[in-house]
Amino acid sequence: MADTIFSRIMAREISADIVFEDDDALAFRDIDAKAPTHVLVIPKRHIATVADASHENAAMLGSLLVTAARVASDLGLSEDGYRLVINHGRDGGQTVEHLHIHILGGRPMAWPPG
Ligand code: 5GP
């Protein structure tokens, strides 16, 4: 397992406000929230970035997306709406090398993003 901030959160070496967990995924609040609700959903199986994904990862990634929608719903975001974001690379703004879906909600989102 690659050593990242997120693997340490998964191992409970670093504390986080965990809002959901099952065998495959963990969801916790972002430490530097960019919206009233900002949660990160990560797969327990390490994959560094979406650009590394292959069709072998398709079921896992599909399941992660369904989990993100379920977590957003559990957090009360479904009625007003929310945004799911996956960043990749320098221009995409990825800073942690463990694939994650951002759930952003609780305010209107601008489009296109800056
Ligand atoms: P990225 O920029 O890679 O798409 O998103 C990484 C996210 O992880 C950022 O929004 C950042 O605020 C969040 N983050 C970084 N370190 C920690 C941490 O130690 N705990 C939590 N909860 N979030 C973190």
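Author: A residue is called buried under 20% relative accessible area, exposed over 50%, and partly exposed in between, with a 1.4 Å probe and protein chains only. The model is predicted, so local features need pLDDT of at least 70 and side-chain atom pairs count only at pLDDT 80 or more, while totals for chains, interfaces and linings use all residues. Residues are numbered from 1 along each chain as its sequence is written, and side-chain values use heavy atoms, with hydrogens and water left out.

Arg12 is partly exposed, at a relative accessible area of 47%. This residue sits in the loop between H1 and strand S1 (18-21); helices (H or I, at least four residues) and strands (E, at least two) are DSSP runs numbered from the N terminus. Arg12 has a positive phi of about 65°, although it is not a glycine.

Phe6 is buried, at 6% relative accessibility, and so is Phe28, at 2%. Aromatic pairs are assigned to rings of Phe, Tyr and Trp (its six-membered ring) whose centres lie within 6.5 Å; planes under 30 degrees apart are stacked, over 60 edge-to-face, and the rest tilted. Phe6 and Phe28 form it in an edge-to-face arrangement, with 5.3 Å between centres and 75° between planes.

We turn to the cores. A nonpolar core is a set of buried Ala, Val, Leu, Ile, Met, Phe, Trp, Tyr and Cys residues joined through side-chain atoms within 4.5 Å. The largest has 15 residues, and those with the most contacts inside it are Ala27, Val39, Val41, Leu64, Val71 and Ile103. At least two residues each come from S2, strand S3 (37-43), helix H2 (58-74) and strand S5 (101-105). H2 supplies the largest share, five residues.

Contact means heavy atoms within 4.5 Å. Leaving aside neighbours within four places in sequence, the contacts of Val39 include Val19, Ala27, Phe28, Val71, Leu75 and Ile103. A second, separate core of eight residues includes Ile9, Met10, Phe28 and Leu40. Phe28 is thus a member of this second core as well as a partner in the aromatic pair.
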